[in-house]
Amino acid sequence: MFNIVVMVSGGGTNLQAIIDKINKNELGDTRIAAVISSSRKAYALERAKQNNIPAEAVVKKDFDTAEAFDNALLSTIDKYSPDLIVLAGYLVIVPPVVIQKYKNKIINIHPSLIPAFCGDGFYGLKVHEAVLARGCKVTGATVHFVDEGTDTGPIILQKAVYVQPGDTPEILQKRVMEEAEWNILPEAVRLISQGKVNAG
Ligand code: GRF
């Protein structure tokens with residue numbers, strides 16, 4: 001069994017893409033051991049429940065200090081002994097204690113072709129707004145290993161998506177998800193679970 005923990009903050013459509021591929025037997029012996037959310041309101045938690053996947057929220061503002069949050073997050077993750085941690089729209093900076101313990105075992109999906117439109121401040125719709133403001137004709141998504149920087153770890157997979165005339169940030173975000181994110185994130189999980197890629 002290849003155990004993954006999926007970390008989320010929002011709607012969880014990337015989580016759903018992984019669930020769907022597992023249900024279609026396309027991810028080998030991958031199993032989602034748990035979903036961990038940064039917010040109690042994330043619809044991703046509902047998706048986990050509907051699929052009988054253990055789910056919990058570890059919410060930063062519930063803790064008095066950053067250190068207390070970091071330790072709680074680490075011990076929540078540890079409970080599920082993951083072989084891989086998948087950040088699927090997780091909007092909180094992953095604490096260094098987690099990155100150090102799970103070195104080369106954390107991947108993230110980013111909605112642009114890194115190194116374009118990534119790093120501090122580039123998340124969610126802001127990425128697509130910046131792509132349109134620059135007049136790019138092509139954008140896409142990237143799956144990469146997570147290191148201590150923001151979007152700086154080794155790249156695993158990328159997929160390009162065309163910008164179309166009349167795109168709004170919302171329309172472009174949806175196309176990048178449908179054509180790129182929902183394909184390359186599960187594919188990266190499959191490749192890693194089968195030992196076909198590693199952080200080098
Ligand atoms: C995706 O665009 C992902 O790339 C970004 O946040 C969004 C998450 O969407 N970082 P969802 O929660 O998987 O629906």
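Buried means under 20% relative accessible area, exposed over 50%, and partly exposed in between, computed with a 1.4 Å probe on protein chains only. The model is predicted: local features need pLDDT of at least 70, side-chain atom pairs count only at pLDDT 80 or more, and totals for chains, interfaces and linings use all residues. Residues are numbered from 1 along each chain as its sequence is written, and side-chain values use heavy atoms, with hydrogens and water left out.

**View A. Aromatic pair Phe-63 and Phe-69**. The structure holds two aromatic pairs, a pair being rings of Phe, Tyr and Trp (its six-membered ring) with centres within 6.5 Å; planes under 30 degrees apart count as stacked, over 60 as edge-to-face and the rest as tilted. In one of them, the ring centres of Phe-63 and Phe-69 lie 5.9 Å apart and the planes stand at 65°, so this pair is edge-to-face. Phe-63 is partly exposed, at 27% relative accessibility, whereas Phe-69 is buried, with a relative accessible area of 1%.

**View B. Aromatic pair Phe-117 and Phe-122**. Here the ring centres are 6.1 Å apart and the planes of Phe-117 and Phe-122 are at 80°, so the arrangement is edge-to-face. Phe-122 counts as partly exposed because its relative accessibility is 29%.

**View C. Salt bridge between Asp-62 and Arg-40**. Six salt bridges are found in a search of the whole structure, each with a side-chain nitrogen of Lys or Arg within 4 Å of a carboxyl oxygen of Asp or Glu. The N to O distance between Arg-40 and Asp-62 is 2.5 Å. Asp-62 belongs to the loop between strand S3 (55-57) and helix H3 (66-79), and Arg-40 to the loop between strand S2 (30-37) and helix H2 (43-50), so the bridge ties together parts that are 22 residues apart in sequence. Helices (H or I, at least four residues) and strands (E, at least two) are DSSP runs, numbered from the N terminus. Asp-62 is partly exposed at 43%, while Arg-40 is exposed at 53%.

**View D. Salt bridge between Asp-167 and Arg-175**. The side chains of this pair meet at 2.8 Å, N to O. Asp-167 is buried, with 13% relative accessible area, and Arg-175 is buried at 15%.

**View E. Salt bridge between Glu-187 and Arg-190**. The N to O distance in this bridge is 2.8 Å. Glu-187 and Arg-190 are three residues apart in helix H6 (residues 169-193), which means that about one helical turn separates them. Glu-187 is partly exposed, at 28% relative accessibility.
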